[in-house]
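Dear colleague,

I am passing on the structure below, and I would be glad if you could look through it alongside the notes that follow.

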Amino acid sequence: MDRRSFLKITAAGLLAGGTQRISAPFAALAAPDFGADATIRHSIADSHFHYADFLQKTEGVDALLQSMKAAGVDHIMFSGMPLVKKWDAAEPEEPKYYLDDNARAYWYSATDFVVARRFLELPSQVRSRFHPFICGFNATDKHAVMHVERMLAEYPGLWQGVGEVFGHRDDLTNLTYGETARANHPALDSVYDLAGQKNLPVNLHNNATSRNRLDKPIYVYEVREALARHPKTVIIWAHAGLSRMLDLDQTAYTGLLREMLARHDNLYIDLSWIIYENYVQLSGQEPRIRPEWLTLISDFSDRFMIGSDNIGHFATYNQNILKYYTLLDALKPDTARKVALTNFLSLLTRVGGDAPQGPIPSPS
């Protein structure tokens, strides 16, 4: 069954028996109205988003849709969280985030079932804006591909990507049970292969280096190997390989990214999370984009995308989207539209079969 047929069937089922469970706010949540708020000037595809946090908690779809509307987000990558933070008996207070204490985190497959259920509960006029990704597998387990296969079989036609896959991730790597996850781990080879066969882009988090090795990005080779071994698999390198306390020489680093983008046409980059304000953008009273980043994004305008990287809670969602206006306003209009919206959607269209349903609005 293809995705279009699947969506027709699930929509009919919802209309027949499930719509009474959908809360009232959905009715007003069509695509963003760019005339309603003068601050909204771009239609956005949020290419990096987690419906759940590290406790698998969330404020829910109603709150998310309200936040999307306020920020001008027309499409969103819809994924769970592959890890759960453990509340150790030794800790007197419940952690809210993985950095709150020294307790470990563990892999959590049920997150994908939650995402699938929430997606299927959406009314048809909203569902086409959500793009579910599979993430609930242990990235160091050579059986990981079996979970992806199960999700594809359980919900045929629903999934549009894989990820966020966690590889090297500074403190979270140190806090996660088991061996170290990495982009070139043997457990991921079969996942990449399956993703390539099923035309599913893979969103991959793998830090370029460790915080004490800023002179030489020691983990980049892991990403290079994954790209080279799986040339038919689209890999979106989350956060451009940067993270907290990875203040590399940005001229040298953008040069490295330029070489990788030129060599690997299956490499894409998302500029989500704190790396945008910490590295891509120059701070100051009048924020502007570092010239080396602006040139790189302009030269590879088909390969960059933006995302909020919000995790389950949406108080900061608006600022995590609107901050990109500094970049979008600095780019040529056609390039800005690619980075803001169509680069992410074109991956789903090109590799996923059906294009997202409904027109993609242009900013007025």
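Which strand and which helix each supply at least two residues of the lining of the largest pocket? They are strand S6, residues 161–166, and helix H12, residues 317–322. Please keep in mind while reading that this is a predicted model.

The largest pocket itself has a volume of about 350 Å³. Its lining is made up of 22 residues, and those closest to the centre of the pocket are Asp 309, Asn 310, Ile 311, Thr 316 and Asn 320. Sorted by class, the lining comprises seven nonpolar, seven polar and eight charged residues.

The largest cavity holds about 80 Å³ of space, and the residues that line it are Leu 83, Trp 107, Phe 166, Gly 167, Arg 169, Leu 172, Thr 173, Thr 176, Glu 179, Thr 180 and Ala 181. By class, five of these lining residues are nonpolar, four are polar and two are charged.

For the overall picture, the protein contains 14 helices and twelve strands, and 54% of its 364 residues count as buried. When contacts with a separation of 6 or more are considered, 80% of them are accounted for by residues 24 or more positions apart.

In the first, helix H9 (residues 250–263) packs with helix H11 (residues 291–299) at an angle of about 10°, and their axes lie 9 Å apart. Angles under 35 degrees count as roughly parallel, and H9 and H11 are therefore roughly parallel to each other. On the H9 side the contact is made by Gln 250, Thr 251, Thr 254, Leu 257, Arg 258 and Leu 261, while H11 contributes Glu 292, Trp 293, Thr 295, Leu 296 and Asp 299. The residues of this contact divide into four nonpolar, four polar and three charged.

In the second pair, the axes of helix H5 (residues 144–154) and helix H7 (residues 186–197) cross at roughly 30° and come within 7 Å; H5 and H7 are therefore also roughly parallel to each other. Here Ala 144, Val 145, Val 148, Glu 149 and Leu 152 of H5 meet Ala 187, Ser 190, Val 191 and Leu 194 of H7. The class count for the contact of H5 with H7 is seven nonpolar, one polar and one charged.

Some individual residues may also interest you. Phe 133 is found in strand S5, which spans residues 130–134, and Phe 133 is buried, with a relative accessible area of 0%. Leaving aside residues up to four places away in sequence, Phe 133 touches Met 77, Phe 78, Ser 79, Asp 112, Trp 159, Gln 160, Gly 161, Val 162, Gly 163, Pro 201, Phe 344 and Leu 348. Of these, Gln 160 is 27 residues away from Phe 133 along the chain, yet the C-alpha atoms of the two are separated by 5.8 Å.

Ser 346, by contrast, is partly exposed, with a relative accessible area of 35%, and it lies in helix H14, residues 333–352.

The peptide bond from Gly 163 to Glu 164 is cis, with omega near 10°, and Glu 164 has its place in strand S6. His 239 has a phi near 60°, a positive value in a residue other than glycine; this residue lies in the loop between strand S8 (235–237) and H9, and His 239 is buried, with a relative accessible area of 1%. Trp 273 likewise has a positive phi, near 70°, and is a residue other than glycine. The loop that holds Trp 273 runs between strand S9 (267–270) and helix H10 (275–280), and Trp 273 is buried as well, with a relative accessible area of 11%.

With best regards

Note on methods:
Residues numbered from 1 in each chain as written. Predicted model: local features only at pLDDT ≥ 70, side-chain atom pairs only at ≥ 80, totals over all residues. Heavy atoms only, no water. Axes fitted to C-alpha atoms, helices over the stretch in contact; angles between N-to-C directions. Helix = DSSP H or I, 4+ residues; strand = E, 2+ residues; numbered from the N terminus. Parallel < 35°, antiparallel > 145°, perpendicular 65-115°, else oblique. Contact = heavy atoms within 4.5 Å. Nonpolar A, V, L, I, M, F, W, Y, C, P; charged D, E, K, R; others polar. 1 Å grid on protein atoms, 1.4 Å probe; cavity = no way out; pocket = protein on both sides within 12 Å on 5 of 7 lines; lining within 4 Å. Points joined across faces, edges and corners; volume = space filled by probe spheres on them. Buried < 20%, exposed > 50% of the residue type's maximum accessible area, 1.4 Å probe, protein only.
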